[in-house]
Amino acid sequence: CIYGMGYFSAGAWVFYSIYEHANVGFFTSVFVTALFVCTLSLGFIIVYLIPTKTPGNENIKNLIYFPIAWAAAEYFRTLSSLAYPWLFLAYSQTTGPIMATTPIIGVYGTSILLTFISASLYLLLKRRKAQQLLLLALPLSFIIYANLTQNNISSGKSINTLLIQNNTNEQEKWRTNRLEKLIKTYQKIINKNIHNNTLVILPESAIPYIPITSKQNYNNILMTINNSNSAAIIGSFTNENNKIYNSAIGVGKLEGIIKKHRLVAFGETTPEIPMLTEIAHALDFPMSNLSRSDEKINLMSFQNKKIATFICYEIAFPDEVITRAKNADLIVVI
């Protein structure tokens, strides 16, 4: 657990999110962040128990049990109400040669590969025997193979794309009296940059209003999109059966609504865990009221290209990506 606390504290962005964006007090933010890090660190109990308590010799414990335990701890981190697929070991390889293996064996497979290599190096340094080098031959051969055979295949058809990130202060964005100015800004950017047959992408919660169709300037955006035979994916909110959903709304030549399935604990929803709500109230923690959608998420389509759309950190969940993207031509993350 102590190792886990150090591991997760190294990337504790949670403090800044709570303190600066949720306007929670300094000491409360420190307490919540510490509680969050301690909770995540419990997953490393699996990494300790499986290799040390399961029968087997040193090679089996280090080369088989340890890699499997590490991947299991990462997987279980995606399942709970406090699910955070955070700091997976594979993320450390985004610019290295090992990354070429990830399209073949996935994120968990890359974690297993890395821990196997680490365990092999540990045994080599411990025993100082040339035979231990043979343990590294198989993973290194696989890495070389993955780098030599990786290939990006294009359909040969390009799509005009307009990605817009409005430079708006996060606090200003949510003020009602700033909404019309915000939408007008998007309207101006789109009018200035759009071409025929363009896919326009706006950020998550770009227009924080329900329903956005009631705003005249939004309808002006829609008119521009339609007149140019284009499509847009707009981050906003939808209301259905008195439930509010963080959504990606498709308009123009691309229609449909994607409702967010994976919500950020405390940022978008308060997990239903005994005593947690009471503690949050006692700390004067901002309570979140967004609902999680359990509807089947369909692919959007533009110019005969199927689009898998993810809202924010949904893209970090391997099972979500596998399920949505396996039949898609494009991935869009807002």
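Student: How many disulfides does the count come to in this chain?

Tutor: The count comes to zero disulfides. To be counted, a pair of cysteine sulfur atoms has to be within 2.5 Å. Keep in mind that this is a predicted model.

Student: Why is Cys 38 called partly exposed?

Tutor: Let's set its value against the cut-offs. Buried means under 20% relative accessible area and exposed means over 50%. Cys 38 has 31% relative accessibility, so Cys 38 counts as partly exposed.

Student: Where is Thr 102 found, and which residues does Thr 102 touch?

Tutor: Thr 102 is found in helix H6, which covers residues 102–127. Leaving aside residues up to four places away in sequence, Thr 102 touches Val 107 and Thr 110. Touching here means heavy atoms within 4.5 Å.

Student: Let's turn to strands. Why are S6 and S7 said to pair?

Tutor: Two strands pair if at least two bridges are found between them. S6 and strand S7 (residues 305–310) have three bridges, so they pair, and they do so in the antiparallel sense. As for the bridge partner of Phe 302, in S7 this is Lys 305.

Student: What is the order of the strands in the open sheet?

Tutor: The order is S6-S7-S8, three strands with mixed pairing.

Student: What makes S6 and S8 the edge strands?

Tutor: Strand S6 (300–302) and strand S8 (330–333) each pair on one side only. From one strand to the next, the twist averages 35°.

Student: Which helix packs on the sheet?

Tutor: Helix H12 (residues 318–325) does, touching S7 and S8. The direction of H12 makes about 160° with that of S7.

Student: And for the whole chain, how many helices and strands are there?

Tutor: The chain has 12 helices and eight strands. Of its 334 residues, 42% count as buried. Its accessible surface comes to about 18700 Å², and 58% of that belongs to carbon and sulfur atoms.

Conventions: Residues numbered from 1 in each chain as written. Predicted model: local features only at pLDDT ≥ 70, side-chain atom pairs only at ≥ 80, totals over all residues. Heavy atoms only, no water. Buried < 20%, exposed > 50% of the residue type's maximum accessible area, 1.4 Å probe, protein only. Helix = DSSP H or I, 4+ residues; strand = E, 2+ residues; numbered from the N terminus. Axes fitted to C-alpha atoms, helices over the stretch in contact; angles between N-to-C directions. Areas by Shrake-Rupley, 256 points an atom, 1.4 Å probe, with all protein chains shown as cover.
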